[in-house]
Amino acid sequence: MNRLAVVTGGSTGIGRCLVKAFASSGYSVAFSYVATGTAAADVVHEVEDEGGHALGLECDVGLAKEVNAFFEKVTSWFGAAPDVLVNNAGVQTWSSLLELDEASWDRVISTNLKGCFLNIQVAARLMIADNKKGTIVNIGSGCNKLAFPKLVDYTASKGGIEQLTKVSAAELGPYGITVNCIAPGAIVTERTLEEAPDYPQTWSAITPLRRVGTPEDIAGPVLFLATPAASFITGQTIWVDGGLFTQA
Ligand code: NDP
């Protein structure tokens, strides 16, 4: 197979798992990161040790100039447009509406929402120019279904991603490009454990499947969306949450 998957924020957590899962499925994988250069180099080595091809590049997904340069390097590395784009990069801050400062709001909206838009726009233009029937998956969040206090900027960004998904699906459908959103529930990553060591206990207690998710639980459905079996699914938000938000 000679297919290219691009994953934003591929150095840690769910993104890291996505990079490895696409590589194990035979894709060449390119990913972006901002601060975690050492972790990014480790991911590339792990993929290469298993005979795969990966390229990790520093690129702030919220800056058009960097996203353009990223895709230029990626397409010249691979030699063609991406087949798959996963918009996974995301940041989260905890602050009440009354205390949230402008810089935090801008950073969260820029990374989570504007980053999604910029990467979709550049990747879709390349897919169309290369006559590719592409797959775009945006990582949203189950929090869209509830009003979580202290997550105002994050929830607004993830709500925006759901709507961006629908409009992108409508506009890109005629080109054979599908656009969907995966909305994870509580997923254990280094970040979530760092923020709350009791994260698995707290969330498994209120998740109907009585466990928290793993990055692999997200990678499976994302990979499925890139298969021919999923080629008639577009514009959807798919909840991958162990049933957590079914009661919302
Ligand atoms: P991590 O913090 O582990 O990973 C985030 C990734 O995004 C890192 O690779 C980080 O790299 C990268 N990143 C951050 N900012 C930027 C930027 N401006 N440009 C490019 N890359 C960037 O988080 P998770 O794996 O937990 O989350 C991944 C996604 O899943 C996020 O979108 C998150 O909102 C979503 N999600 C996660 C849930 C969970 O329970 N874990 C639940 C619901 C949604 P670097 O630090 O180098 O910038």
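Predicted model: local features only at pLDDT ≥ 70, side-chain atom pairs only at ≥ 80, totals over all residues.
Visitor: Why is threonine 189 called buried?

Guide: Threonine 189 has a relative accessibility of 10%, and buried means under 20%, so the residue counts as buried. Its place is in the loop between strand 6 (178–184) and helix 6 (190–195). Leaving out residues up to four places away in sequence, threonine 189 touches Gly13, Ile14 and Pro215.

Visitor: Why is glutamine 236 called partly exposed?

Guide: The relative accessible area of glutamine 236 is 40%. Buried requires a value under 20% and exposed a value over 50%, with partly exposed in between; glutamine 236 is therefore partly exposed.

Visitor: Where does glutamine 236 lie, and which residues is it in contact with?

Guide: Glutamine 236 is in the loop between helix 8 and strand 7 (237–240). Apart from neighbours within four places in sequence, glutamine 236 is in contact with Thr165, Val179, Asn180 and Cys181.

Visitor: Why is asparagine 131 called exposed?

Guide: Asparagine 131 has a relative accessible area of 74%, and exposed means over 50%, so asparagine 131 is exposed. This residue lies in the loop between helix 4 and strand 5.

Visitor: What makes the phi of asparagine 131 worth a remark?

Guide: Phi of asparagine 131 is near 55 degrees, a positive value in a residue other than glycine. Most residues other than glycine have a negative phi. Arginine 210 likewise has a positive phi, of about 55 degrees, although it is not a glycine.

Visitor: Is arginine 210 buried or exposed, and what is the basis for the term?

Guide: Arginine 210 is exposed, because its relative accessible area is 56% and the term applies over 50%. Arginine 210 is in the loop between helix 7 (199–206) and helix 8.

Visitor: What makes helix 1 and helix 2 roughly parallel?

Guide: Helix 1 and helix 2 pack at an angle of about 20 degrees, with their axes 10 Å apart. Angles under 35 degrees count as roughly parallel, and helix 1 is therefore roughly parallel to helix 2. Their crossing is right-handed. The contact is made by Arg16, Val19, Lys20 and Ala23 of helix 1 and Ala39, Asp42, Val43, Glu46 and Val47 of helix 2. By class, this contact has five nonpolar, no polar and four charged residues.

Visitor: How do you know that helix 4 is roughly parallel to helix 5?

Guide: The axes of helix 4 (residues 102–129) and helix 5 (residues 152–172) come within 8 Å and cross at roughly 15 degrees. With under 35 degrees as the cut-off, helix 4 is therefore roughly parallel to helix 5. The crossing of helix 4 and helix 5 is right-handed. Among the contact residues are Trp105, Ile109 and Phe117 of helix 4 and Tyr154, Ile161 and Leu164 of helix 5. This contact has 15 nonpolar, five polar and two charged residues.

Visitor: At what angle do helix 3 and helix 4 pack?

Guide: Helix 3 (residues 64–78) and helix 4 pack at an angle of about 35 degrees, and their axes are 10 Å apart. Helix 3 passes helix 4 in a right-handed crossing. Ala64, Val67, Asn68, Phe71 and Thr75 in helix 3 meet Leu118, Asn119, Val122, Ala123 and Leu126 in helix 4. The residues of this contact divide into seven nonpolar, three polar and no charged.

Visitor: Which residues have the most contacts inside the largest nonpolar core?

Guide: That core has 32 residues, and those with the most contacts inside it are Val7, Phe22, Phe31, Val86, Ile182, Ile218 and Val222. The elements that give two or more residues to this core include strand 1 (4–7), helix 1 (13–24), strand 2 (28–33) and helix 8 (215–225). Helix 1 gives the most, with seven residues.

Visitor: Which residues does phenylalanine 22 touch?

Guide: Not counting residues up to four places away in sequence, phenylalanine 22 touches Ala5, Val7, Tyr27, Val29, Val84, Val86, Val222, Leu223 and Ala226.

Terms used: Residues numbered from 1 in each chain as written. Heavy atoms only, no water. Core = buried A, V, L, I, M, F, W, Y, C linked by side-chain atoms within 4.5 Å. Buried < 20%, exposed > 50% of the residue type's maximum accessible area, 1.4 Å probe, protein only. Helix = DSSP H or I, 4+ residues; strand = E, 2+ residues; numbered from the N terminus. Contact = heavy atoms within 4.5 Å. Axes fitted to C-alpha atoms, helices over the stretch in contact; angles between N-to-C directions. Parallel < 35°, antiparallel > 145°, perpendicular 65-115°, else oblique. Left-handed = near helix turned anticlockwise from the far one by under 90°. Nonpolar A, V, L, I, M, F, W, Y, C, P; charged D, E, K, R; others polar.
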